[in-house]
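Biologist: Could you take me through one part of this model up close, starting with a single strand and what sits around that strand? Cut-offs included, please.

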Amino acid sequence: MHSSKRSILVIDDDSDIRDALHDALSDEGYETIEAAGGREGLDYLRSHWMPSLILLDLNMAPMSGPEFLAEVARDASLSRIPVILLTADPRTQEMLRGTTCAAYQEKPVVLEKLLETISQCCESHSPCLRG
Amino acid sequence: MSDNSKVFIRNAGLHAGFLIAYVTLGWLSLAMHGPGSLVPVIWAPGGFVLAVVLLGGFKFVPTHFIAVFALATFAGAPPLLALAVAGGGALEVVVGVYMMRSFGGFGGAFFSLRHVGALVVGASWFSTLISSTIGATSIALAGVIPSEQFPRIWGMLWLSKILGNLIVAPVLLAWASQVPPITYNARRLIEATTLTTALIFASIAIFIRDPNMHAPPLRSLHVLFPLFIWAALRFELRGATMASAIACVIGIVGTVQGTGPFIRSTGDVRFQSLQAFMQCLTITALVVGGAISDRARAVHATEKRAAELARKNVELATTIAERELAENALRSNQAGLRHLIRAGIIGIVRCTTDGKISEANDAFLAMVGYSRDDLQAGLLTRQKVRAPYNGQSDMLAYEQLVAEGVAQPWEGELVRKDGTRVPVVTTMAMLDPPNCIAFVLDLTERKRAESSIRKLREERKQASQLRAFLESAPDAMIVVNRLGAIVFVNAQTETMFGYSRDELIGNSAEMLMPDRLREGHAERRDRYFEATGRISRTEPAIYGRRKNGSEFPLEVCLSPMETATGRLLSCGLRDITAQTKAAENERLLLQAQAARLAAERSEALVKEQLRRLRILAEASRTFALATEESDAILNATARASAELIGELCVIQLTDPSGDQLSIAACDPGNCPSDVRTLRVGQRIPKTGVAAHVIATGAPTLIPIVDPTIESATDSALASITSKPVRSIVAVPLNVGARTIGVVAMVRVTSDCPYVDSDQLLLQDMADRAGLAIEKARLYGDLKTAVQTRDDFLAIAGHELKTPLTALQMQIESLQRLVQRDTTAYVGDRLRKVASSGRRIATLIEQLLDVSKLASGKLQLETERLNLAEVVQEVVARFSESSRQANCPIVVDGETSIEGYWDRLRLDQIFTNLLANAVKYGQSKPIRIELSVERKHASKKAVVRVIDQGIGIDSIHQDRIFQKFERAVTTREFGGFGLGLWITRQIVEASAGSIEVESIVGRGSRFTVRLPTNRPATRKDVRHALV
């Protein structure tokens, strides 16, 4: 079932970041689902409706961003979901060259830009890169 | 050819030569006659034949006879007349020779006044009387001349012949004679030449003149006398005869030609005067010459005699000395004999004719060595004491004894009891047959005296042999007596000093030395006389003085010798002029060699010092470069110590707990095996050098190790070398106040013990090594501290960043909410909050960049991009803040600069520069100039950021690129002061450069140059830490 409200899965191990993203995205009219790690996010995806977008933090434990991405890539249904990677590491771009459905957002996150990217990704339903 | 024919040919030659000479002379003489007369002024052949027969014998008389006959026949004389003339001539010669030999005592040499007398009177005046009488008579009888002319012809003939004999014969005789010899040296020859020249000139001046001129006066003839006397005095008969010959020939030639003083007279008188004068002159010269010759001969004979007498004197003295010796010996011998008699040592024996000895006195018993007991026991018999080979004389003596009752003394030998022989003389007398008495005299003393005389004779012989030897020695030999008088010199001495033997013998030896060496010579001579062996002297330099006063260096060898005439000193002298020069050359050579050796030695010292310095410098460099506590320090210490001090260096270290000791290093040159295999930990032993040094911290020096004390070494040393250790020096290795080990040097091959200076040097090396270790440890600590700080920064930055991100997001979402429906007041406040948040975020980013740069984690992600675009982006980002700061930003120059860069870092560079420009720009316009520099193949993008702000003092211009540095105070302007440092790190990591030009109050210009090509290698930025 596809929700009219755009849902965004926020995967970040830092609750403050999750909260801030939740607050900001809620203000903009997005529904957010929070996951504290890659494993939890994957569990959610496998047991719920698929979100419109995934905001993924890179450095997490126990399952890190790249590990999560690798898992998602293996699942054809999941791999269609656009992923925006939140990272401060410039190497991320290099790292993501192999994956097909990822965008990344540099840290520190500028909210305005993030929201712009999110809206673009959601509209096109297709991966887009910003970097 | 036989000897006879040789003699015949020789004789024939002689006679032919004689004949030719005679005829030639005759022909020449015949040419010399006065006008109106055929008789020559001088009949030279007469003198010639006289000399020839005197020297060569009567065998020339027949030849002469033939020659005269031929000559007379040739001159036109009838044969009978020619025969008469020839006979007269022969008779003259025979009489003349006879006169010379019998009255003159002429024996083949013409040298004496007596010869002159015989020649003048006998062989000139008398003998020619015969021939001229016969000649004139024959001519008159032959009718060649009228009889009234007879006296004139006779007189002319006589005078002519006298002159011939008087002038020609003596010349030949004097020059053929060799006695006495006149030595002709250069001076003498010059004199002779001068005299001859003078004589010729004078004679010519007198006799040969222009016939038109007046004849010179007769007194001019006197000029000749001094010249003749000169000739006779200086050159004796040879001079006199030559002078008269020269003057006579010239005189006759002149007068015959009609010049000269005698032409004043006319007719025969002219020539008679000439002949008389010449006779006079010649006789005078001959008499003087003969007398001088006699005197010279007498002088020579006297000299010879004197020399002979001197030699005989010496011989006589020797004989006298010998006789004195013999007399002395005899006297002492007689004294000995008297002593013998007085001592009662004439043995007296009573015996029978069959040899039994019934009685003997003590002297006899002592003589034959028997005791009185032996005599009484009948052990002493004549047969026992009689030497076997005396048998014959003993027997004869016995026969005489029996026959005559007394035996003449005879010499023989007795056999002593111990078997030795004793010479005796024995005489016997018959008492009452068969008893007799014998007197026996011990001859031992006499034999001894005889042998001493024999010895003396031997010595005399040896002395004379020695004398002969000395004479033939190559060196000059002089023998002096105690008074310093020369008693003997050899021929070499004469040659060397230029004195004759007679001048030297009996004079003081000091005459042979220079005056300056004479002082003190007598004392020295006395010392030499007391010397026991040879003395060689060249130092101080000894010089001899020759008779002519010149000096020359001498080597002197003196040895005293005992001779029959007492102790004498023989001196061997050698002229060492040549050796002295050679020695001087050698000395100079040696000096040069010594100088060269010294130079080489000092050079070697310098080299050694340089080597040591090099070793120390190498070790110091290793120590200085060592940044970690590694084997390199210890190995360098061991190697340098071994090279500086020798031989084997072992470094042992305690482990950190301080109870184990390991071999840490030993010098690689001498270590028998790899250190790693030796690095065996063991508990620190209780004894041994290493234990002592570690326990006390004091150095230990054992110059010579006593091999019996085992505790001197320890197992660590034993594992390095199996040889016994001979010397040890060990010093502590201190790091700070702690002794962490011991540096030990051991000698195993050389016996040379270690000394204090070795210990000091080793301690210095150990201290340096300790300092190096300490430095390395401090360096390690520092590195750890920096690492910890960077790690902390990274973690802290990361940890701060996360909540800050959340905070910023919240602020931003709040701002979005506020923009929709809240008052502007809240919005303004929120903007300020957001700005602060961004500042904190920037600071945290900088800290994280620092930690990345420090840990080398910064990596450039290059891609092809347009630098101008990046600049424009940054400028656009600064539009807000520049407007707020009221400093407009203008970008000039290139609009497209393509190249390979890291976009993020490029952005960071310009952001930092622009942020500074805005911050310190004092609200004045900011300009950015973009350009491209091309140099060779490389291309560089150049970005200049120019502000007109407060500027930077030149003293701060270098510092601002350092970490945590700024040109302004923190109070005025915030920030970590990391921006420019990070910028520089990034620029340099991109192989670019950054520089600043600034004037305080006028503004700054930052210039960044970045190569456009992809960096070949990424620059390691780890060094940024240091």
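Modeller: Strand E1 of chain A, residues 7–11, is mostly covered, with 4 of its 5 residues buried. Buried here means 20 or more other C-beta atoms within 10 Å of the residue's own, exposed means 12 or fewer, and partly exposed is in between, with C-beta atoms placed from the backbone. The helices (H or I, at least four residues) and strands (E, at least two) are DSSP runs, numbered from the N terminus. Bear in mind that this is a predicted model, where local features need pLDDT of at least 70 and side-chain atom pairs count only at pLDDT 80 or more, while totals for chains, interfaces and linings use all residues. Residues are numbered from 1 along each chain as its sequence is written, and chains are lettered from A and ligands numbered from 1 in the order in which they are written.

Two strands count as paired if DSSP finds at least two bridges between them.

For another kind of pairing, hop over to chain B. An open sheet of 5 strands there has the order E18-E20-E21-E23-E22, with mixed pairing. Strands E18 (889–893) and E22 (993–999) of chain B are at the edges with a single partner strand each, so one side of each has no neighbour in the sheet. Neighbouring strands of this sheet are turned by 20 degrees against each other on average, direction ignored. Inside that order, E21(B) (residues 938–946) and E23(B) (residues 1003–1011) pair in the antiparallel sense over 7 bridges, and Val942(B) has Arg1009(B) in E23(B) as its bridge partner. Helix H29 of chain B, residues 979–989, lies across E22 and E23 of chain B, at about 140 degrees to E22(B). Such angles run from 0 to 180 degrees between N-to-C directions, with axes as lines fitted to C-alpha atoms, for helices over the stretch in contact; contact means C-beta atoms, placed from the backbone, within 7 Å.

Conventions
Two residues are in contact if their C-beta atoms, placed from the backbone, lie within 7 Å.
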